[in-house]
Structures are given as C-alpha cells and as structure tokens.
Amino acid sequence: MIYKKLPQWFLLILPAIIILAAVILIPLLFSLYSSFTSYRLTRPDTLFNWIGTFNYEKAVKSGVFWAAFGRTILFLTIALNLEMFLGLGLALLVSRVTRGQRMLRTIMMFPMMFSPVLVGFQFKFIFNDNVGLVNNALQSLGLSNSAIPWLVDEKLAMFSIIFAEVWMSTSVFAILILAGLFSIPQDPQEAAKVDGCTPWQSFRHITLPFIMPFIFIAMAIRSLDVARAYDIVQVMTNGGPARRTEILWTLIGRTGYVDAKMGYANAMGYVSIFLAIFFTIYFFKKLNAARVELGMAR
Amino acid sequence: MNINRLSKLKSFFLKVSHHVTLFIAMSIICIPGLWIVLNSFRPTVDIMAKPPVWVPRGLNLDNYRAMFGGAGEGGVPVMQYFTNSLIISCTSTIIALFVGMAGGYAFARFRFKGKNAIFVGLLLTRAVPGVALSLPLFIVMAKTGIIDTHFGLILVYVAMNVPFTIWLIDGFFRQIPPDLAEAAEIDGCTRWQAFWKVEFPVAKAGVASAGIFAFLTSWNEYALASQLTRSTFSKTMPVGLRDFTSEFTINWGGMCALAVLLIIPALILTFIVQKHLISGLTFGGVKG
Amino acid sequence: MAQVILKNIVKNYGKLEVVHSINLDVAHNEFVVLVGPSGCGKSTTLRMIAGLESISGGEIIIGDNVVNNLPPRDRNISMVFQNYALYPHMTVRENLGFSLKIAKRDQTEIDKSVDEASKILSLEDYMDRKPGALSGGQRQRVAMGRAIVRHPDVFLFDEPLSNLDAKLRAQMRVEIKKLHQKIQTTIIYVTHDQVEAMTLADRIVIMRDGNIEQQGSPTQVFENPINTFVATFIGSPPMNLLPGRVGKNMLEFSGGLILPIPIDFKDIVKPGQDIILGFRADHIMPVGHDLTIDGDSAMIEMSVGVSEPLGTETLLYTQLAGQEILAKMLRPRIVQDGETLTFNLDLGQCNLFDAVTQRNLR
C-alpha cells in the first residue's frame with residue numbers, strides 16, 4: 001500500500017496537480033517541443049521536422065513581432081496604470097459616501113462580471129463610426145460633423161481598446177482598494193489629523209502605505225489574467241486594420257489558426273507566457289514587500 | 001470667526017465636487033451596459049437610423065422572439081448555446097470546488113516543505129494566456145478526440161479555475177481557528193468528520209463565493225472556447241455572440257439580446273457574492 | 001495660557017442627540033477626567049474638542065480662539081488614542097517625529113524634540129523598532145511620546161490604558177501623573193475606569209447619557225455624590241443604597257429596621273417622604289474594628305453571607321432590610337459564613353437621596 005505512506009497534504013493537493021498537469025503542463029510541454037519544429041496544422045508530418053531555434057530567431061528578427069511585442073507592453077503599462085489610478089480615485093470617491101454605498105459598490109462591480117468578449121462587442125458597437133453611441137452623441141451635440149473612425153485610425157483604435165479594457169477592469173482595482181480603505185484602522189488616520197496633517201498629507205503618509213498591499217493584490221490578480229484583453233482586441237479590431245492594433249496575443253492567434261504555422265505561433269506563445277509570468281511574480285514580490293512593511297506577514 | 005466660515009465654505013465646496021465626480025464616474029460605468037439593454041429592445045431600423053433616434057420609439061421584443069424562435073433572424077440556436085454554457089459552467093464549477101477545497105485545506109492546515117513554491121506554481125498556471133494555451137490544447141484534444149465536446153471544455157475550465165479557487169478557499173480556511181477542528185476531534189470526530197461538520201459549515205459562505213467566481217469565469221470565457229468548440233452542440237454563449245456577425249454586417253439588435261441573456265445570470269450572482277468575494281481576496285492576499 | 005471652554009455643546013447623529021448641551025471650563029494646566037459608563041458621550045465630547053467630530057451646536061474655545069469648524073491640525077492639540085494609533089510602517093523615531101516633519105520643521109529641531117521625548121518616556125532603546133515589535137506598555141509610551149513632542153496647548157487622552165493589563169495600568173497611571181507634573185499642560189482625559197479618574201484628576205467630570213451629572217475634586221464627588229448614580233459609579237466598592245421612608249424623627253426601612261435621621265438632614269426631610277439611605281462599606285464595620293466615629297452612630301446586627309478576605313481588610317456581604325449590603329472589616333479575622341456580628345454604622349457619613357429624583361437631599 002504505497003497509498004498509505006503518502007502524506008495527507010499531498011493526497012489533498014494531488015487532484016489539483018493532476019488536472020493542472022494534464023490540461024496545462026502537458027500541452028505546454030508539447031508546445032515547447034513544437035516551437036522547435038516547423039509544425040504546420042495542415043501537414044502533421046512536419047511535427048517531426050526539428051529546426052532548432054529557428055522559430056525564435058525568426059520572431060526576434062521579425063519587425064511584425066517586435067511591433068506587436070512593444071504594443072503589448074505599451075498597452076499593458078498604460079492600461080494597468082490607468083486602471084490603478086482610476087480605481088484608486090473611484091474607491092476614494094465611494095468610500096466617502098455614507099448613504100447608498102452598498103448600491104454604489106454593486107454597480108461598481110458590474111463591469112468586472114461582463115464577459116470580455118461581450119465588452120469587446122459592446123465597445124465595438126459604441127465606437128462604431130456609423131451607428132455608435134459616441135459618434136451619434138458627438139454629432140447630435142454639434143461637436144463633430146464627420147464620423148470619427150474610432151476603430152480604424154491607429155491612435156484612436158488603441159485609445160478605444162484601452163478604454164474598453166480600462167472600463168472592464170478598473171473595478172478590480174476599485175473593489176480591492178475599497179476593501180483596503182475599509183480595513184485601515186481608524187485610529188492612525190485620526191492621529192494623523194491631530195498630528196497636523198492636511199487631508200493630502202494624511203493620504204500620502206498614512207492611507208497610501210496602508211493600501212499598497214491591496215494595490216499589489218489587485219495588480220497580481222490582474223496580471224494573472226491580463227490576457228483576458230485578447231478577447232476584447234480580437235473582437236474590436238482583431239489586430240487590424242492592417243496590423244495597426246496588433247498585439248502579441250492576436251498575432252499568435254492569427255499565426256496559429258489562420259496561417260496554421262503552429263510551431264512559430266507556439267514560439268511566440270512562449271514569449272507571451274514568460275511575459276505574463278514575469279508580471280505576476282513581480283507583483284507578488286511587491287505584495288510581499290508591502291506586507292512586511294506594514295508588519296502584516298506572519 | 002472668519003477662519004471658521006472659510007473652513008465651512010471649503011468643506012461645502014468639496015462635498016459638491018465629490019458628488020458631481022461620483023455621478024460622472026457612475027454614469028461611465030453604467031451607460032455602456034444600459035445602451036446594450038436598450039438596443040436589445042429596439043428595432044434594427046432605429047439602431048441604424050441616421051440621424052440617430054434618441055428618444056426610444058416602438059420598443060419591442062422582436063429581437064428576443066427571433067432569438068428564441070429557433071431559425072429566426074440569423075437562425076442562431078440560442079437555447080442550445082445557453083444549455084451548453086449552463087452544463088459546462090456548472091459541472092466545471094462543482095469539480096473545481098471539490099478539487100479546490102481539498103487543495104485549499106491542505107495549504108491552510110498543513111505545513112510542508114516547498115509549500116510556498118507549490119502555491120505560487122499553481123497560481124502561475126493561471127497566468128498562461130488563453131490564446132497561447134489554446135494552440136497546444138487544440139492539437140492535444142484533436143488527437144485524443146475530446147475536442148468540440150462538453151467534456152473537453154469542462155476539463156479545461158476546471159484547470160483554469162482550480163488555482164484561483166485554491167487561493168480563495170485557502171484564505172477562508174485560514175480565518176477559521178484550528179482550535180475549532182481540534183475541539184471537534186477531541187469531542188470524538190475523525191478529522192474527516194471534523195472537516196464536514198465543523199470547518200466546512202463555517203467556511204461555507206467563502207466556498208460559495210469561490211464557486212460563483214469560478215462559475216463566472218467559465219460562463220464568460222472566450223479565448224479557449226472559441227478554438228475548442230466548433231459545433232452547435234458544444235458552443236457556449238460568448239462564442240455564440242460571433243454568430244451575429246457576418247463578414248461585413250453585424251446584427252446589433254440580435255446580439256444585444258443575446259448579450260442581455262449572458263449578463264443577467266452574471267449580475268444576479270455578482271449581487272449575491274460581492275461581500276464574500278472581497279473579503280476572500282483580501283484575506284487570501286494581505287494576511288497571507 | 002490654554003484653557004478649554006465648552007459652551008452649550010450639542011451633538012446629534014441624525015435625530016439622535018447624544019450630547020445634550022454641556023458646559024465645561026477647563027483651566028490652564030488643569031487635569032480634568034471625563035468619566036462615565038460606555039455610551040455616556042464622554043468620548044464624543046473629547047473627539048469634538050479634538051475636531052475629529054463636528055459639533056451640532058454650541059461653541060468650543062481653546063486658548064482664546066473659537067475653534068468650532070477648524071480641522072484638528074489648526075487647534076494645536078495632541079491626542080493619545082485607546083488603540084495607540086501608531087503608524088505601523090514607521091519606526092518609533094519616525095512615529096515620534098512625524099508631526100514635526102509634517103509641519104516642515106528643521107531636522108535638527110525634530111531630532112532634539114524626539115530625543116527629549118524619548119528621554120522623558122525612557123524609549124531610547126526602542127527608537128529604531130517598528131510598533132509591531134513593541135509590547136503594549138511600550139506602544140502606550142510611544143503614543144504619549146508622539147503627543148508630547150509637539151508641545152501642544154492641550155493634551156487629549158481617550159481611554160489610553162484600557163488595553164493594558166492591571167499591573168501595567170497601575171504603572172502607567174503613575175507615569176501619566178509624573179508626565180503632567182513635568183510638562184505642565186492642560187489635560188483632558190477620558191476613561192470609564194473610576195479608579196483612574198480618582199487617582200489622576202484635579203477635577204472629575206461624571207457624565208451619563210450625554211449630560212454632565214457632577215463635577216468636582218475627587219474627594220468631593222466621593223464624599224458628596226450628587227445623586228445615586230454618582231454614588232454607585234464612583235468608589236469601589238460602590239455605595240450601599242437602602243430604600244426607606246421618613247417617619248417621626250426616624251427612618252423606617254422594610255423588615256422593621258429603624259434608624260435615626262443623620263444630623264445633616266434633620267431639617268431637610270419631611271415625614272412620609274420616600275428616601276434612599278446611602279453609605280459606603282468603610283462606614284459600616286463590625287464593632288471594635290477601627291471605626292472612629294465623631295457623631296451619631298447606630299448599632300445593627302447582621303449575619304454575614306459571604307466574606308472576601310483581601311489581606312489588609314475583609315469585605316463582608318450581608319443582608320439588611322432586604323438589600324445586599326457590603327461592609328468592611330479592618331484587622332481581619334476568619335469569619336464563618338452565617339456568623340452574626342454587630343455592626344456600627346457611622347450616621348455622620350451617610351447621604352440621603354430622594355427616592356423619586358434620586359438626587360442627594362443635602
């Protein structure tokens with residue numbers, strides 16, 4: 001009975017490990033292997049055509065890849081920072097409300113629960129140059145008399161996509177920061193007031209250090225499924241028109257499924273995986289540091 | 001007295017600007033959703049009208065009728081998609097909860113070597129972008145023949161949800177003092193009984209919110225489902241939204257109606273879960 | 001000179017009024033303790049003085065300024081909180097210097113003030129630790145240190161000792177008293193513990209249900225409580241209360257007990273009036289146990305239910321006229337449960353309260 005000898009904790013986490021291994025680890029190993037081959041979906045025999053690091057070299061040399069990579073980083077940086085600041089602002093606004101706060105909090109959570117693909121369609125509709133809400137409103141108010149090509153122009157399309165992403169995910173920050181604001185003991189804040197702080201000073205020196213861990217939790221959670229933004233982009237522009245909004249994930253999807261170059265797509269997929277893992281670990285590290293700072297760690 | 005009056009004026013001004021800003025923020029959050037709901041009741045002529053029709057006229061249920069009418073406009077089998085979504089989300093949630101409870105309990109109650117490394121490792125699997133995962137999964141599943149089945153998608157969603165479920169449930173179990181289970185064991189329970197009779201009832205609310213969160217993730221997921229399902233018999237609703245688009249036109253009215261059907265369960269569940277969810281996330285993370 | 005004056009201060013939360021138009025004058029350098037049961041409005045009053053709560057009516061004057069709507073930072077006060085309210089992410093040194101840093105003082109000046117405060121409170125050894133690594137008593141001292149570095153006009157203490165254990169509390173009481181002698185500043189101190197009030201205060205202000213019941217020196221409120229509430233709230237053990245009725249030149253109690261009217265009250269009470277007789281355990285002792293009585297006294301026989309030896313004295317729980325009565329015995333000996341003793345009641349130390357208004361008839 002080998003079974004009896006295994007420690008209890010191991011038996012308890014075993015199901016999780018088996019499922020994750022089967023669904024995520026094994027496919028990833030497979031894709032790691034295939035990223036060194038010239039595998040094409042349409043020609044299964046190419047799976048055994050070992051080409052070394054050719055795919056990676058190709059990616060590194062490819063202008064399209066670097067453009068998408070840079071755009072992804074830019075997109076993430078702008079979106080995450082905006083979400084954090086807006087979330088912080090929203091949380092502060094809501095925390096100061098005394099009546100009807102529960103309702104405001106619920107409203108605040110709604111976008112978070114929308115399917116990303118739905119958010120994509122929703123904003124594709126709203127930013128539609130012909131029948132969209134934004135253009136209709138601008139034209140009715142007389143602010144613009146031509147149809148603004150929100151999803152066609154490069155800058156405007158990036159703006160629209162970031163707007164949709166920020167709309168969807170700001171509430172993650174707002175909700176967690178709000179929870180942080182409520183968990184702050186009242187006393188130090190009052191002590192700061194008595195110590196002569198202006199509202200800004202008590203925010204800067206007392207409130208902010210206290211909510212830092214919560215900001216990092218939100219960052220960590222967000223970076224865990226930051227690729228949710230793929231759904232939005234795929235629906236709104238699918239990287240187009242003419243690759244103007246191409247980000248890493250849409251590039252991978254197109255290379256794999258449309259061009260059927262699985263090996264190459266998997267190689268780029270690995271880059272995106274490491275990017276996501278890097279962000280996640282970075283924020284978990286930050287979270288731990290902030291916890292130690294506040295003496296919250298065990 | 002002058003100083004006093006100035007302070008008063010200042011706080012009044014702050015109050016007004018606070019309310020105005022809050023109103024604007026809430027409008028930005030609400031309007032896109034309401035816009036979808038409104039358009040699901042409008043006839044296509046109104047949606048496409050130029051110049052735009054602002055005051056709604058002739059709201060009707062045509063889009064819904066078409067949607068549920070089987071081969072109505074566009075002929076999208078919405079009920080089939082709804083059933084698929086429901087079966088896949090519910091089953092994967094229940095399985096993820098059991099796996100997550102076992103794992104979360106282990107992390108909350110046992111000390112073992114490499115605990116933190118394993119924990120972070122589990123969480124990191126969640127960070128793998130769906131589209132990057134979908135490529136190899138597509139091939140593996142095609143080879144094993146479970147592509148385009150409920151089972152295949154359920155398996156994937158369980159794996160997607162397990163890390164997060166473990167994180168949340170671990171946080172909830174940690175809030176329960178270990179004395180509770182120890183007392184029960186002294187009272188004559190086995191560890192198994194102590195768990196189900198004492199610890200589980202206390203953590204129930206937390207487990208429920210982890211469940212709702214897992215459900216919503218599966219319910220809303222698109223990147224994987226769009227590649228791993230092809231036929232009406234396994235497509236989920238988020239994938240179904242695509243059916244309203246053809247190469248050059250989009251049936252906005254019909255899509256909005258499906259969107260409403262997709263949103264409603266999410267909204268109801270959000271409302272139920274909001275309180276527990278926040279405490280779960282923060283306890284898991286901050287008190288770590 | 002920083003006196004604090006409250007004029008007709010009112011506080012309400014919506015329709016609920018929690019502080020009803022109270023008036024209080026605190027002189028420069030005075031140590032005033034606000035005491036009362038929880039929910040009596042004492043903390044609210046203190047927080048209104050600090051500016052942490054807005055006032056709903058009346059006027060607050062600190063020094064020579066009306067501060068009704070001023071934020072706390074413009075009132076030149078400092079406050080010690082019940083839960084210490086230390087900033088957990090700063091070291092002790094940073095905690096102490098924070099208010100000066102905010103006020104943009106020189107670093108040298110900050111260092112000087114912080115060193116001075118740390119010396120007064122003997123915190124030198126912990127300056128670079130964070131609050132999480134300190135014991136309860138040390139945190140308490142840091143909190144006080146943070147208050148004194150600013151040299152404020154007024155010190156506010158909000159139940160500062162309630163989180164400490166009994167021994168540490170006694171020790172900190174002494175330190176606070178020493179601190180007051182050293183720094184000579186007006187102090188307003190809130191507590192629910194009457195022992196702290198008695199030991200610390202120049203003047204005690206007893207509050208109940210948002211009203212000031214009585215104010216005066218510790219001796220005054222101890223010896224001449226204005227009503228039965230103060231009588232039972234101040235002093236440990238609480239004053240014994242015995243309801244009865246005024247007869248012809250005597251007081252009648254249930255069970256046929258008859259006592260003479262205490263001399264101070266002879267001309268005040270009217271026959272037929274319902275009264276409550278109040279006396280402390282110190283004034284009813286077994287005969288022969290160190291009770292020196294100047295005026296009238298009464299001998300009463302009572303059987304002891306339970307005795308509580310405390311070392312230097314023994315508390316005796318007895319029954320009199322259907323009421324539980326606490327008596328004291330100095331020079332303790334072993335008392336059997338149920339033993340009957342003769343007690344001497346010092347009538348000169350008794351108080352009479354009106355049974356209806358509960359007020360002292362004096």
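User: How many Å separate the centres of domain 1 and domain 2 of chain B?

Analyst: This is a predicted model, in which local features need pLDDT of at least 70, side-chain atom pairs count only at pLDDT 80 or more, and totals for chains, interfaces and linings use all residues. Residues are numbered from 1 along each chain as its sequence is written, while chains are lettered from A and ligands numbered from 1 in the order in which they are written. Chain B is assigned domain 1 (2–65) and domain 2 (69–287), with bounds from an automatic or database domain assignment. Taken over C-alpha atoms, the separation of their centres is 33 Å.

User: Which helix gives the most to the side of domain 1 of chain B that touches domain 2 of chain B?

Analyst: Contact requires C-beta atoms, placed from the backbone, within 7 Å; 10 residues of domain 1 of chain B are in contact with nine of domain 2 of chain B. At least two residues of this side come from each of α1 (2–40), α2 (44–48) and α3 (62–68) of chain B, helices being DSSP runs of H or I, at least four residues, and strands runs of E, at least two, numbered from the N terminus. With four residues, the one that gives the most is α1(B).

User: Which strands of the open sheet in chain C stand at the edges?

Analyst: The four strands follow the order β2-β1-β4-β5 (chain C) with antiparallel pairing, where a pair needs at least two bridges found by DSSP. Each edge strand has a single partner strand, so one side of it is left without a neighbour in the sheet. These strands are β2 (16–26) and β5 (65–66) of chain C.

Notes. Contact = placed C-beta atoms within 7 Å.
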